[in-house]
Amino acid sequence: MSTPQGNEFPFAGAEAPASERRDATSRLETPRAWVLWLGVATVSGLGSGIARADEGMWTFDNFPKDLVESRYGFAPSDEWLDTVRAASVRLGNGCSGSFVSKRGLILTNHHCVLRCVQQLSTADENLVQSGFYAEKMEDERRCPGLEVNRLESIEDVTERVAKATEGKKGETYVSAKNAVIADIESGCGSDETTRCDVVELYGGGLHHLYRYRRFQDVRLVFAPSVKAAFFGGDPDNFNFPRYAFDAAFLRPRVDDRAVRVKEYLRWSKKGVDDGDLVFVSGHPGRTNRLKTVAELEYLRDWGLPEVLLRLAEERGLLAQFSRASNENERIARGRLFGVENGLKALQGRRAALADDTFFGTLVEAETDFRGKLAGDDETLEAFREIAEAMERYRVIRTDLRYKERHRNYGSKLFGHALDLVRWKEEQQKPNADRLPEYAEAKKPALKAGITSAAPIYPSLEQTLLGHYFTRLRADLGPDDPFVKAVLGDEAPFALAERLVKETRLADPELREKWFDDPVSLEVDADPMLKLAKVISDAGREIRSVFEDEIESVVDRARAKIADARFRIYGTETYPDATFSLRLSFGTVKGFPDRGKEVPPFTRVRGLYERATGNEPFALSPRWKEKKDAIDLSTPMNFVTTNDIIGGNSGSPAINRDGRIVGLVFDGNIHSLGGDFGFDPRVNRAVSVDVRVIREGLHEVYGAKRLLKEIR
């Protein structure tokens, strides 16, 4: 799987928080993306700067049409690219999708809508286990807090950012950069239907303004049971062969009416064959192919090991919580899924950086690049500045984690409390002086998150918040003034229980009132708000240190390196992934694994052969009952050489005719180092074949209305 369930799992799956904030304090942490592992790579990032093989997550305005034509005899026309771009969408929880009908039907993965399905479930109606299908349009159910973005335009704003930050250092640099970005974004639009993001490309070499159409009323149309969508569970995750029906459908509405779209993707009737050219359009979360060796050493030695430890602890905590009752298992499933997914993915990332041979290729690539900079003392000095900043980062990382990056521990109530406290403070400032995630352009998304009617489960809240308090005390020490200010004389889980019981933040109408009228928010009147104020103030202090001594230094140094890279390579390569729209190309192709060749396709027959009757290889009841009605030779999942990463979950796989042939949902185990490089020999994207989606909708689920619409 390749996506997190919202902001709670910045390392588990895709790479973007639910609110899609541009949080400055997250930018040097392990990126919000699952990543892919390879043994020996062709590394493009630090060294050559030139993409090789089928490598590359290309922006639509710089897609290498000539390169594709020279290799495959086909060059996408501007009209082809425009249609695919307009039909591609981004889900706010860190996934991708595509319009597949003129009435706005969106195809994406089941694991991308799992949170929605869970939120719509109850103890009496467990849609996660049973699945969901709206036989009539009026039966489609709204997903709480989920929004969809469609890219409308791209504007180059590099000169404005460069001019505003020229000659500035430290806190002055950060403030100037935040101010100009806030000004650009607010000037683009800040109403309920528009989202504007300044996207940094090529390590700061370019800044582009992305303008999106926002859809906030998103309805669930179809989702299979989790047994069908995630057949094989964690053992099959990031592996191939796969037999997953990981598909789902959504539909945005405006004024309670289905959205009408001009550009959407038709379905291929014949699918694909071995060797066919395939394009993947989606929103890869974040890669590190342009990071310096010093930054990667920090990830290898500090960032990743500490995140892996936290995820391992939380997996045990949630597993224990889930075993207490069926209801506990239901309400914790989404988070446990994300934790397990992230844990497996980041183990692969850590293994990549810990492999001496692979890491040696990264060092060699940077050495080669620096050799081309002989006489350019200013750029060479930038590498030293980044290395020194990483040493400083190592020193403050623990304080930063618990005082400013604590959202990763997942309490929704505490997240709402912190947002409300900071919104009250930030909205009183000029827009240019605010923290970026509370700028005026971010207000609609911020409000949507705070006022979401998604259910909040007190027992899970107490468990997650208690875990945060426990780790806080363990890692900072009981004598730390901040720990004393947070815990007082209370035990971690006792404090969590009291806060959850006494707070009024579970009421979405009250949260909306406080958001719309921040003056009426009395922080001392609610214990959760009072605690959020204490933690927020400490967070501001350590954040200021981070921005002044680390972020600003790295930003300026990266810009120098990016300028040098442009002088040498130009835009002959693609920028690192940024959860912005990209297009990759590749072919249907198997791969070698442990001395044998793995075929590129699996078929439905293999699903039944693989089933044991025991989890996670137990068939869903519907697939078990309908075996005789299904064509067992139907292709089920397939692999391609497309370069993808987290955030591509839900991306359409498209043939040269611009028709959907598959639905990306995973990468194979060899791809768990793709964050740092790309190996065309074994790196594979895994997709659900459109032929099995059609077969399943027809024979297994009887989804006639849905089939008619996509045909």
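In the protein chain of this predicted model, 80% of the contacts (heavy atoms within 4.5 Å) between residues at least 6 apart in sequence join residues at least 24 apart. Local features require pLDDT of at least 70 and side-chain atom pairs pLDDT 80 or more, whereas totals for chains, interfaces and linings use all residues. Residues are numbered from 1 along each chain, and side-chain values use heavy atoms, without hydrogens and water.

The chain contains 24 helices and 20 strands, taken as DSSP runs (H or I, at least four residues; E, at least two) and numbered from the N terminus. Its radius of gyration, over C-alpha atoms, is 24 Å, close to the 27 Å given for 711 residues by the globule rule (2.2 Å times the number of residues to the power 0.38), so the chain is as compact as a globular protein of that length. The C-alpha trace spans about 65 × 65 × 50 Å along its principal axes. Of the 711 residues, 64% are buried (under 20% relative accessible area, 1.4 Å probe, protein chains only).

Ser620 is located in the loop between helix H21 (604–610) and helix H22 (621–625). This residue is buried, with a relative accessible area of 4%. Leaving aside residues up to four places away in sequence, Ser620 touches Ser225, Lys227 and Ala228.

Methods. Buried < 20%, exposed > 50% of the residue type's maximum accessible area, 1.4 Å probe, protein only.
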